[in-house]
Amino acid sequence: MRNVHVVGVGYTRIGEHWDESLTELMAEASLAAIEDAGVERVDGVYVASTFCEVTNNQAGISALIAEALGLRSVYGVRVEGGESSGMMALMEAYAAVASGLVDFALVVGGEKLSDLLPDEFNSVHSMTLPYDSMGFAGVTPASIAALLYRAYLERYEIPQEFIAQFPVLMHNNAEGISHAQFPFKVKLEDVLGSPEVAPPLRRLECFAPCDGAAAVIFASEDSQTKRSSGQTVRIGGISMKTDYVSPFDREDPLFMTSVALSVDEALLRSGISRGELDVLEVHDSYSIVAPLILESGGFSSRGESCPDLKMSKYALEGELPINTFGGLKARGHPLGATALYQVAEVYLQLTGRAGKRQIDGARAGAAISVSGFGTIAGTAVMLSGEGE
Amino acid sequence: MRFNFRPQSHWRFKRFRYRTEVLRCASCGTVNVTPRPVCRRCRSRNLLREELPERGRLVAFTVVKSPTEEHKELAPYIVGLVEFEDGTRVVTQITDSDPEELRTGMTVERVVRKITHDGDSGIIVYGFKFRPLVS
């Protein structure tokens with residue numbers, strides 16, 4: 001196995017791109033990443049999109065993306081793994097580069113959701129749940145989040161304010177970030193006063209439909225790039241796991257085994273421990289999902305993630321800053337692109353390019369991507385060149 | 001999305017959707033909800049068809065105020081987690097009641113209700129929901 005490095009990243013602003021197609025958005029992000037990496041060619045194109053055949057009537061999209069980039073006769077594949085499609089594409093590209101099949105891989109994720117009406121978006125998003133037993137009956141992802149939310153509040157006997165702190169932190173971190181969907185602060189009372197989506201879950205505790213695309217270039221350690229060692233980041237380890245699709249079929253609905261196992265395995269492959277991570281990206285699709293991931297991943301004890309948040313453990317100046325550009329809530333969650341944004345942002349942190357969100361001396365970081373409520377989870381651990 | 005309401009693709013799930021028939025593993029006892037060849041827990045092929053009890057306990061509930069396109073006609077509607085005596089849990093709509101009348105822990109019973117309909121000319125789709133026990 002060869003070492004795999006991130007040598008460049010690119011992304012679009014997340015929001016409503018009325019005048020740009022899905023292909024254009026993904027091509028823009030890809031070109032930015034190729035330029036950032038300074039590579040002459042890519043020989044594998046890995047496209048992540050969760051819903052392109054539904055939202056854009058498009059199958060076989062990898063060839064369209066390649067053509068839009070002026071690439072012909074390359075290997076192109078599209079990967080779909082629900083909300084964690086982007087991490088899955090990264091994992092496939094990693095395997096190809098590590099094995100020697102591909103030298104330079106372009107991994108690009110994109111989604112176009114703002115054309116949909118709210119109820120259409122809910123129909124599409126509900127496809128990430130088991131359709132035959134849940135989606136069919138009108139069970140939505142937000143309603144599952146609400147049931148888990150109630151169970152969490154009841155078990156740990158905490159008020160809703162504790163969990164509603166997560167979106168407040170996300171908006172704090174996204175303030176002034178040019179690629180963020182919502183680059184402004186919100187107050188706790190704004191979150192708690194926003195309309196109910198599925199009580200206790202409120203609007204400002206949910207990600208919002210959006211468009212966006214992000215790309216990452218992987219290169220093998222022996223491939224020549226214009227990058228100096230300080231500008232490349234090694235993928236220390238990457239791991240993905242599935243689980244039973246309904247959280248209520250698991251031993252404990254509030255524990256995501258897929259997250260626990262993928263974090264453990266990715267760290268093991270990287271040869272580092274949790275305590276050595278300087279920055280972490282978590283999949284906060286709904287406010288309640290962030291604490292479940294932090295506890296399942298072993299970053300907080302069970303029931304302690306909200307008190308840890310209150311004690312600033314996860315703030316920019318804390319022990320383990322999370323979602324330094326605003327996470328899914330505020331930077332945005334264009335499904336198939338999301339893990340690419342996560343990995344791109346960790347890359348910016350580890351190469352000292354994170355601007356006013358820079359975590360001083362960040363040497364190691366990780367991104368955790370989840371589909372649904374732990375149906376699939378993937379973790380990528382990244383190590384800066386200088387830290388080795 | 002519309003493809004799912006073709007009669008045949010609804011009909012093949014009729015045992016679960018009308019009667020909550022599931023597959024119980026004869027080896028380890030796990031309940032597998034939708035049709036499959038082996039038990040998800042122990043991979044035994046010895047799966048026996050079984051109807052879940054008509055009554056269960058309401059563990060938690062919420063109200064869907066942001067529905068899907070197919071279900072918006074009935075919104076807002078209640079979604080609840082129902083647990084049966086053996087510990088099996090299903091997420092289902094709770095019907096024939098307002099949220100104010102519901103309490104966690106109360107007994108609920110299965111009824112067949114309309115789920116949605118496929119436009120003006122397609123099928124009307126029915127399935128189970130649960131309601132507070134009518135004594």
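Me: How many bridges join strand β1 of chain B to β2(B), and do the two run parallel or antiparallel?
Reply: In this predicted model, strand β1 of chain B, which covers residues 21–25, is joined to β2(B) by two bridges, and the two strands run antiparallel.

Me: Which residue stands opposite B:Arg24 there?
Reply: That is B:Val31, which lies in β2(B).

Me: Switching to chain A, how many helices and strands does it have?
Reply: Chain A has 13 helices and eleven strands, and its C-alpha atoms fill a box of roughly 55 × 45 × 40 Å along the principal axes.

Me: What radius of gyration would a compact globule have with 388 residues, and what does chain A have?
Reply: A compact globule with 388 residues would have a radius of gyration near 21 Å, and chain A has 19 Å, which agrees.

Me: What share of chain A is buried?
Reply: Buried residues make up 66% of its 388 residues, while chain A exposes about 13000 Å², of which carbon and sulfur atoms supply 49%.

Me: What about charges, how many positive and negative side chains are there?
Reply: Chain A has 28 positive and 50 negative side chains, and the centres of these two sets lie 3 Å apart.

Definitions and conventions. Residues numbered from 1 in each chain as written. Chains lettered and ligands numbered in written order. Predicted model: local features only at pLDDT ≥ 70, side-chain atom pairs only at ≥ 80, totals over all residues. Heavy atoms only, no water. Helix = DSSP H or I, 4+ residues; strand = E, 2+ residues; numbered from the N terminus. Rg over C-alpha atoms; globule rule 2.2 N^0.38 Å. Buried < 20%, exposed > 50% of the residue type's maximum accessible area, 1.4 Å probe, protein only. Areas by Shrake-Rupley, 256 points an atom, 1.4 Å probe, with all protein chains shown as cover. Lys, Arg positive; Asp, Glu negative; His and termini not counted. Charge placed at Lys NZ, Arg CZ, Asp CG, Glu CD. Pairing = 2+ DSSP bridges.
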